[in-house]
Amino acid sequence: MNIWDELRAHRRDVTELTIADLFDKQPARGQEYAVENDGLILDYSKNLVTDRTLRLLVQLAAERNLDAGIEAMFAGAHINTTENRPVLHTALRTPAGTVVNVNGHDVVPGVHRVLARMIDFATQVRTGRWLGATGKKISTVVNIGIGGSDLGPAMACAALRDCAAGGPDTRFVSNVDGHDLVAALRDLDPAGTLFVISSKTFTTVETLSNARAARQWLVDSLGASTAVAKHFVAVSTNAREVDAFGIDPNNMFEFWDWVGGRYSLQSAIGLSLMLAIGPENFRDFLAGAHSMDEHFRRAPLHQNIPVLLGLIGVWYRNFWEAQTYAILPYDQRLSRLPAYLQQLDMESNGKTAGRDGGRCPVATAPVVWGEPGTNGQHAFFQLLHQGSVFVPCDFLGVLQPDHDLPEHHDLLMANLFAQTEALAFGQPEATPPAAAGMHRAFPGNRPSNTILVPRLSPYSLGQLIAMYEHKVFTQGWIWGVNSFDQWGVELGKALATRIFNELASDSAPTHDSSTNALITRYRQFRKVAGRPTEFRR
Ligand code: F6P
């Protein structure tokens with residue numbers, strides 16, 4: 001029997017299994033099914049897994065040559081096959097002096113050269129040595145980017161706001177919906193504003209439209225296009241397009257095509273974050289990720305945190321048919337983490353094309369979603385506890401808060417622990433007896449991981465990000481998909497370009513009857529109401 005079939009058979013054997021039984025049979029499970037690495041703790045005991053499940057899953061990873069896959073990634077092999085590129089976000093956080101060759105060329109010196117330029121620039125801005133065109137200190141940084149050029153820095157700036165004293169405020173504009181840019185600029189003083197235009201390709205329509213509008217806003221106010229030199233910097237792999245846009249190449253921070261957009265937060269795409277938290281904190285952020293890289297690369301599979309998370313996810317996705325998976329950070333500062341992980345997971349592994357060119361025969365990425373606790377408890381936890389959907393969850397907690405309201409923190413952590421207990425063990429229908437009834441029953445047996453870090457610091461955030469990156473890698477490798485391309489976004493982009501041109505023309509649109517009617521309705525509305533700026537009057 002192959003290992004996949006063995007896992008299927010094992011799944012049938014454990015149909016009647018409950019998490020409560022598992023704890024009865026293995027009283028020390030809470031200690032035994034936990035791993036700690038460099039202060040980060042994963043408790044995976046409240047899962048529907050036995051020793052045999054874990055053995056089979058590790059065997060699956062071994063048979064799929066996960067070890068070799070990990071090594072291939074770290075060594076710079078072209079594992080992004082459809083784009084024929086290496087995948088080396090790990091090189092962004094590797095210490096100087098390490099050698100990582102891409103086509104015979106060591107990329108690490110280049111990584112540290114750009115890092116040094118970022119540090120120099122961030123220091124100048126933070127200390128007021130870099131001034132705006134009128135001599136004013138930069139007080140606000142507006143990052144304009146989308147997807148991986150927005151979600152990572154936006155998430156991390158929110159997460160690390162307690163480290164941002166002395167730095168400029170940061171704002172993020174991503175959507176081509178003009179309300180986003182207008183709201184971000186409304187109360188800003190152009191003389192104290194720095195725009196960081198972040199785009200790997202520098203061809204993304206949303207980002208370029210917002211960047212052009214921001215440049216106009218600046219020039220309208222400061223009066224000269226030369227002001228752009230003091231108020232616009234770019235982060236990109238595409239020096240030609242940056243130059244064509246009118247940003248001085250000296251004000252461009254480079255990264256490379258071997259860094260995927262959703263894996264780019266620790267490249268120059270992190271510039272807004274570095275401006276906010278300062279270079280030292282940014283270095284800690286890189287060090288935390290590197291620590292997790294080393295763990296992922298060296299720990300045995302059965303004690304390897306990202307591998308365990310990945311394998312348990314495969315177990316639920318492929319053998320329990322879990323369609324969805326929730327990320328529940330019990331820390332308000334991590335409120336953007338679910339959105340960030342949505343892109344990381346769903347854009348990486350939401351695929352049916354296999355690495356071998358054929359169709360992937362098994363289910364791949366689940367729908368990833370979530371909100372911070374305890375807010376989620378008062379919104380959708382009803383479904384987690386009593387709904388008909390099976391939703392494995394990750395609960396994330398921080399041991400030491402950065403505020404001085406200790407009771408708040410105890411309450412928060414009590415809720416986190418209570419939720420994982422309630423989900424796992426539930427409560428039978430007749431308890432308490434007077435309150436019997438289906439609606440009072442908590443079936444339990446709903447699995448979760450708990451991930452704890454000592455403090456939400458740049459270092460631990462780096463660990464968490466690398467942990468999830470490698471979890472996604474593990475799953476993609478096992479499913480046999482290329483986790484590093486994103487061809488699925490192309491069709492919508494091409495159609496939007498075509499429709500954009502059609503909106504301004506009078507000739508009959510040439511789509512299906514629904515799309516044609518929608519286009520026609522919008523055109524008619526615009527004819528009567530005018531263009532958006534006129535709508536407002
Ligand atoms: O359209 C998807 C995507 O290519 C993402 O993968 C990427 O993070 C985002 O767009 C932004 O791309 P860029 O950084 O090139 O502007």
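Helix H14 gives the largest share of the lining of the largest cavity, 5 residues. The model is predicted, and 4 cavities of 30 Å³ or more are found in it.

**Largest cavity**
- The space in the largest cavity is about 170 Å³.
- Its lining is made up of 19 residues, and those closest to the centre are Gly313, Tyr316, Tyr325, Pro392 and Lys471.
- Two or more lining residues come from each of helix H14 (305-319), strand S10 (324-330), strand S12 (393-400), strand S13 (448-455) and helix H18 (458-479).
- Sorted by class, the lining holds 10 nonpolar, 6 polar and 3 charged residues.

**Ser483**
- Ser483 sits in the loop between H18 and helix H19 (490-503).
- The relative accessible area of Ser483 is 2%, so this residue counts as buried, the cut-off being under 20%.
- Apart from neighbours within four places in sequence, the contacts of Ser483 are Arg262, Tyr263, Ser348, Asn349, Lys351, Val472 and Gly476.

**Helix H5**
- Helix H5 spans residues 66-75, and its buried residues include Leu66, Gly69, Ile70, Ala72, Met73 and Phe74.
- Helix H4 (51-63), helix H13 (279-298), H14 and H18 are the elements against which the buried residues of H5 pack.
- After H5 comes Gly76, with a positive phi near 90°.

- H14 and H18 both contribute to the lining of the largest cavity, and both are packed against by buried residues of H5.

Conventions: Residues are numbered from 1 along each chain as its sequence is written. This is a predicted model: local features need pLDDT of at least 70, side-chain atom pairs count only at pLDDT 80 or more; totals for chains, interfaces and linings use all residues. Side-chain values use heavy atoms; hydrogens and water are left out. On a 1 Å grid over the protein atoms alone, a cavity is a set of points where a 1.4 Å probe fits but cannot get out, and a pocket is an open set with protein on both sides within 12 Å along at least five of seven lines; lining residues have an atom within 4 Å of a point. Grid points are joined across faces, edges and corners, and a volume is the space filled by probe spheres set on the points. Helices (H or I, at least four residues) and strands (E, at least two) are DSSP runs, numbered from the N terminus. Ala, Val, Leu, Ile, Met, Phe, Trp, Tyr, Cys and Pro count as nonpolar, Asp, Glu, Lys and Arg as charged, and the others, Gly among them, as polar. Buried means under 20% relative accessible area, exposed over 50%, partly exposed in between (1.4 Å probe, protein chains only). Contact means heavy atoms within 4.5 Å.
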